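This report looks at a few residues and at the surroundings of a ligand. The structure is shown first.

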Amino acid sequence: MQTHILGYPRIGSSRELKKACENYWSGKILLEELLEVGKTITQQNWKLQQEAGIDLIPCNDFSYYDQVLDMTLTVGAIPERYQEIAFKKSELDLYFAMARGFQKDGLDITAMEMTKWFDTNYHYIVPEFQKNQEFKLFSNKIIQEFISAKKTGINAKPVIIGPLTYLLSGKEKEEGFDKLDLVQNLLPVYIQILKELENNGAEYIQFDEPFLALDLNEKAKETYQLVYNEIRKQFPDLKFIIATYFDGLKDNLSWATLLPVDILHIDLVRCPEQLDEVLDAIPNTLSLSLGIVDGRNIWKNDFSQSLAFIHKAVEKIGSERVFIAPSCSLLHSPFDLDSEKNEDILSPEIKQWMAFAKQKVYEIVNLKKLASEKPDYNTLQQLADNKKAVENRKTSTLIHNQDVKNRAEVTTEDDAKRNSPFNVRKETQQQVLQLPLFPTTTIGSFPQTKEVRSWRAKFKKGELNVEQYDTFLKQETERTIRWQEEIGIDVLVHGEFERNDMVEYFGEQLEGFAFTQNGWVQSYGSRCVKPPVIFGDVHRPNPMTVYWSEYAQSLTQKWVKGMLTGPVTILQWSFVRDDQPRSLTCKQIALAIRDEVNDLEKAGIRIIQIDEPAIREGLPLRKSDWQNYLKWAVEAFRISASGVEDATQVHTHMCYSEFNDIIQNIADMDADVITIECSRSQMELLNAFADFKYPNEIGPGVYDIHSPRVPSKEEMVELLKKAQAVIPAQQLWVNPDCGLKTRHWDETEKALIAMVEAAKEAAETF
Ligand code: GLN
Ligand code: ZN
């Protein structure tokens with residue numbers, strides 16, 4: 001039996017890589033200094049795994065920005081627009097230019113696109129392919145990393161994005177070809193890399209092929225077989241691991257197990273039920289890597305359960321053919337639980353239930369020891385400790401709240417329904433709200449200036465007392481209300497100055513949430529997120545936002561919109577408990593938000609927005625699982641929104657708006673108003689709503705808030721004309737694409753003044 005790690009986090013124990021990259025980009029440190037930081041992190045990671053006793057330690061899992069972009073540079077798929085930089089700059093500068101764009105030395109080159117890596121919160125840089133895309137070995141990173149591991153005495157296992165997953169992750173930038181056809185050009189480069197690795201003494205190679213766990217068409221299936229047959233033919237002696245993760249092999253099982261490789265890795269956290277099928281199907285030339293330690297969550301492994309999996313596999317295929325591993329790369333786990341030292345932030349009771357990347361490495365080693373015939377005393381002690389922690393978590397009074405469980409149980413479909421259908425509500429709301437045609441609003445946040453952030457930091461450090469901080473926030477809020485009144489916005493917002501983050505702010509006020517000090521996970525490039533941990537039954541002990549909404553409303557005769565984050569988004573952007581279905585956790589959050597919505601109504605707030613930007617990204621990887629997810633996700637939103645009177649107008653907001661295949665579900669959410677992202681697509685995204693004859697009101701964003709550029713009134717009028725051509729004017733709102741927190745005040749002011757004028761012109765002329 002052997003242990004291996006699919007990949008290790010590379011941000012460093014205290015986000016050294018982030019800091020070094022950002023310092024390099026702003027010219028504060030030299031290239032050599034950045035490279036030194038990268039080298040140190042890689043060495044530390046290897047050493048840690050070596051000391052723990054991992055058999056196969058990965059290399060090439062380190063990256064300065066993104067592993068997919070590394071592959072793009074390796075195979076030389078450099079888009080034309082970077083040619084000039086490629087010519088003049090170092091390899092790493094070219095690489096960063098591709099990731100981040102390049103605006104210097106008279107050049108202005110856009111970055112490559114970024115998108116989510118499967119259903120994780122990690123974003124990768126999307127490869128761009130032309131019709132006759134050529135590939136050549138451009139960067140030697142893989143080989144260099146292998147050699148440098150060898151120098152430290154490790155015969156590492158290079159981790160390489162598999163050729164099919166690489167192609168399938170990319171985008172065809174022109175018409176008239178299928179990216180899979182590029183495999184003929186790509187394969188020789190892979191062969192070349194493998195040759196060099198073999199010449200340097202590599203034994204094991206890991207190909208990451210998560211697409212094997214997704215829905216594939218016939219052509220993709222055939223290409224998989226063709227590619228791996230060819231690779232096998234060229235390298236009879238290398239040991240190939242194919243790593244699948246994030247879902248089960250399912251309908252791909254029968255042929256995927258026949259691919260001519262040596263080890264197949266499967267994800268038994270996401271799809272534990274596949275073990276039996278896989279064990280039945282694998283030929284006796286194939287070894288099996290059991291992904292049993294969750295690479296995407298922070299919970300301690302349940303050793304008894306994992307040992308049952310291991311024993312089953314050993315019985316069927318023998319221990320020589322069994323590998324033990326995390327479910328996927330540990331890239332998606334925070335670095336080290338040992339650095340959580342502040343008991344006021346993370347209590348010891350909760351901490352004992354958790355494991356970060358470093359702890360997961362030890363779990364894997366311990367599982368191997370426990371599965372061997374004679375575990376030593378120490379190892380048996382580990383098992384006993386593990387059992388105790390697992391048992392403690394199951395029965396802890398911190399987790400279980402019978403009232404919350406009961407309430408979720410008795411919640412019925414009726415609780416997820418507004419009193420009257422939309423057309424009735426619309427009339428009532430119109431009578432109360434008296435809004436003009438093309439009403440204007442914003443998505444919630446106003447600029448989080450340096451000043452706002454420094455006041456929050458001072459307050460957190462205790463340098464400001466509650467009254468001082470409160471006074472400052474009130475001033476900022478009042479100023480924002482006055483300014484919105486002045487420029488003539490119809491539905492105002494308070495500005496969200498009191499919020500650090502749209503999920504954390506709510507998590508901090510809900511029971512059942514814990515926070516970490518250092519639980520950072522890479523989101524993209526140098527950006528890291530620190531998701532809250534939902535460990536127990538969720539409820540809301542006190543109102544969370546009423547104070548600020550009520551204060552803002554008291555300042556003005558106009559309507560102020562209450563602003564909440566929806567249950568699916570809170571769930572999606574947290575580490576979620578794994579001892580009950582996600583749908584149930586989501587329902588508990590929904591009930592907490594419902595209480596908040598009802599309290600806002602009681603406090604006189606007549607318009608309430610429940611943001612759900614993450615509803616689409618929560619879609620399961622397999623289409624056959626979509627409807628089940630959408631059913632509980634939509635229901636959770638409805639539970640949160642349906643406790644109010646007809647006259648109270650519920651809004652929702654979503655950032656990504658490609659809704660073609662789920663428009664029915666979006667309509668089922670039955671929000672009175674939905675604001676969406678539309679301006680970058682020139683209102684094209686509205687077509688899904690138009691074709692569907694979406695009945696409720698819509699605010700298609702009329703300008704892109706992700707750029708500092710100030711849009712003109714005329715272009716927004718044009719966009720409104722386009723919108724009105726497909727959606728009746730009576731249904732339309734006018735607003736930016738998303739919240740304004742990342743923008744500066746001067747550009748925000750100009751843009752919103754122009755937006756209000758555009759709405760007026762639209763109302764007068766249409
Ligand atoms: N209300 C939030 C804001 O304006 C919405 C942010 C989001 O959709 N991501 O910041
Ligand atoms: Zn948004």
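## Buried or exposed

A residue is called buried if 20 or more other C-beta atoms lie within 10 Å of its own, and exposed if 12 or fewer do; in between, a residue is partly exposed. The model discussed here is predicted.

## Two residues with positive phi

Most residues other than glycine have a negative phi. Met-683 is not a glycine, yet has a positive phi of about 70°. Met-683 sits in the loop that runs between strand E24 (673-676) and helix H26 (687-692). Because 23 other C-beta atoms lie within 10 Å, Met-683 is buried.

Phe-118, also not a glycine, has a positive phi of about 50°. Its place is the loop between strand E5 (114-116) and strand E6 (123-125). Phe-118 has 17 C-beta neighbours inside 10 Å, so this residue counts as partly exposed.

## Met-716 in helix H27

Helix H27 covers residues 713-726 and includes Met-716. Met-716 has 24 C-beta neighbours inside 10 Å and therefore counts as buried.

Apart from its neighbours within four places in sequence, Met-716 is in contact with Val-702, Tyr-703, Pro-711, Ala-754, Met-755 and Ala-758. Leu-92 lies 624 residues from Met-716 in sequence, and the two C-alpha atoms are 40 Å apart in space.

## Around ligand 1

There are 13 residues around ligand 1, and those that come nearest are Ile-443, Gly-444, Ser-445, Pro-613 and Gly-739. Sorted by class, the shell around ligand 1 holds six nonpolar, four polar and three charged residues.

Conventions:
Residues numbered from 1 in each chain as written. Chains lettered and ligands numbered in written order. Predicted model: local features only at pLDDT ≥ 70, side-chain atom pairs only at ≥ 80, totals over all residues. Helix = DSSP H or I, 4+ residues; strand = E, 2+ residues; numbered from the N terminus. Near = placed C-beta within 6 Å. Nonpolar A, V, L, I, M, F, W, Y, C, P; charged D, E, K, R; others polar. Contact = placed C-beta atoms within 7 Å.
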